[in-house]
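Have a look at the model first, then read on.

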Amino acid sequence: MTERYLVLPRGINVGRGNRVPMAQLRSMLADEGYADVATVLQSGNIIVTARSRDPHQVAGAMERLLSEGFDVNVRCMARTADQVRAVLRRDPLGEVVTNPSRYLVNFLAEEPKPDLVTEILGEDHRPEAIAIEGSEAYIWSPDGLARMTLSYAYLEKRLGVVATARNWNTVEKIAAKL
């Protein structure tokens with residue numbers, strides 16, 4: 001039995017560091033036994049079909065392959081195709097979002113502790129808005145991403161989990177290829 005996955009490496013091909021050529025990565029993944037390998041954009045959104053039914057196992061295997069193949073040591077988050085489609089269906093801030101490029105989904109490595117979620121949701125972050133559902137944090141930043149306070153680094157510190165963010169447009173592009 002196989003499962004279709006989106007794997008989200010945290011911070012590859014951003015700036016000068018952690019460079020991973022996408023064509024080489026696709027070839028390496030195919031050689032490792034992954035099927036239907038695709039990448040979306042240069043930031044390393046990886047789509048694969050894997051034999052594993054465990055997203056954490058797929059994320060860990062991808063971390064190992066990036067380290068061994070490219071000397072890039074980053075955390076990866078993995079979601080099944082169904083989980084990615086559910087992220088889009090939930091869309092908890094959709095009623096207030098006016099620009100999808102300023103609407104982020106932070107994919108968290110694990111579900112944060114409920115008391116930490118309650119604490120951060122109880123604070124005033126205006127003009128930004130936040131919703132946390134399971135292992136995703138949705139952020140609306142109407143003033144733009146360069147000036148946002150609810151960054152993935154802020155969320156990591158406050159929630160005690162690793163995160164990587166993609167804007168709504170990118171998540172939609174990825175879902176269309178799953």
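Strands here are DSSP runs of type E with at least two residues, helices are runs of type H or I with at least four, and both are numbered from the N terminus. Two strands count as paired if DSSP finds at least two bridges between them. Keep in mind that this is a predicted model, where local features need pLDDT of at least 70, side-chain atom pairs count only at pLDDT 80 or more, and totals for chains, interfaces and linings use all residues. Residues are numbered from 1 along each chain as its sequence is written, and side-chain values use heavy atoms, with hydrogens and water left out.

**Strand β7 and its partners**

Let's start with strand β7. Strand β6 (residues 129-133) runs antiparallel to β7, and five bridges join the two. Between β6 and β7 sit two residues, which makes a hairpin, and G134 in the turn has a positive phi of about 65°. β7 also pairs with β5, again in the antiparallel sense and over five bridges. There, L104 stands opposite I139 of β7.

**The aromatic cluster**

The structure holds three aromatic pairs. Rings of Phe, Tyr and Trp (its six-membered ring) pair if their centres lie within 6.5 Å; planes under 30 degrees apart are stacked, over 60 edge-to-face, and the rest tilted. Here are two of the pairs:

| Pair | Type | Centre to centre | Angle between planes |
|---|---|---|---|
| Y103 and Y138 | tilted | 6.5 Å | 35° |
| Y138 and W168 | tilted | 6.5 Å | 45° |

Y103 lies in strand β5 (residues 103-108) and Y138 in strand β7 (residues 136-140), so their pair ties together parts that are 35 residues apart in sequence. The other pair links Y138 in β7 to W168 in helix α6 (residues 168-177), 30 residues apart. Y103, Y138 and W168 form one aromatic cluster. Both Y103 and Y138 are buried, and so is W168.

**The open sheet and its helices**

Now for another part of the fold. Four strands form an open sheet in the order β2-β3-β1-β4, with antiparallel pairing. Which strands are at the edge? They are β2 (35-40) and β4 (76-80), each pairing on one side only. β2 pairs with strand β3 (residues 45-50) over four bridges, and A38 stands opposite I47 in β3.

Helix α2 (residues 55-70) packs on this sheet and touches β1 (3-9), β3 and β4, where contact means heavy atoms within 4.5 Å.

Finally, the axes of helix α1 (residues 22-31) and α2 come within 11 Å and cross at roughly 120°. Axes are lines fitted to C-alpha atoms, for helices over the stretch in contact, and angles run from 0 to 180 degrees between N-to-C directions. The two helices are therefore oblique to each other (under 35 degrees is roughly parallel, over 145 roughly antiparallel, 65 to 115 roughly perpendicular, and the rest oblique). Among the residues making the contact are L25 and M28 of α1 and L65 and F70 of α2.

Note on methods: Buried < 20%, exposed > 50% of the residue type's maximum accessible area, 1.4 Å probe, protein only.
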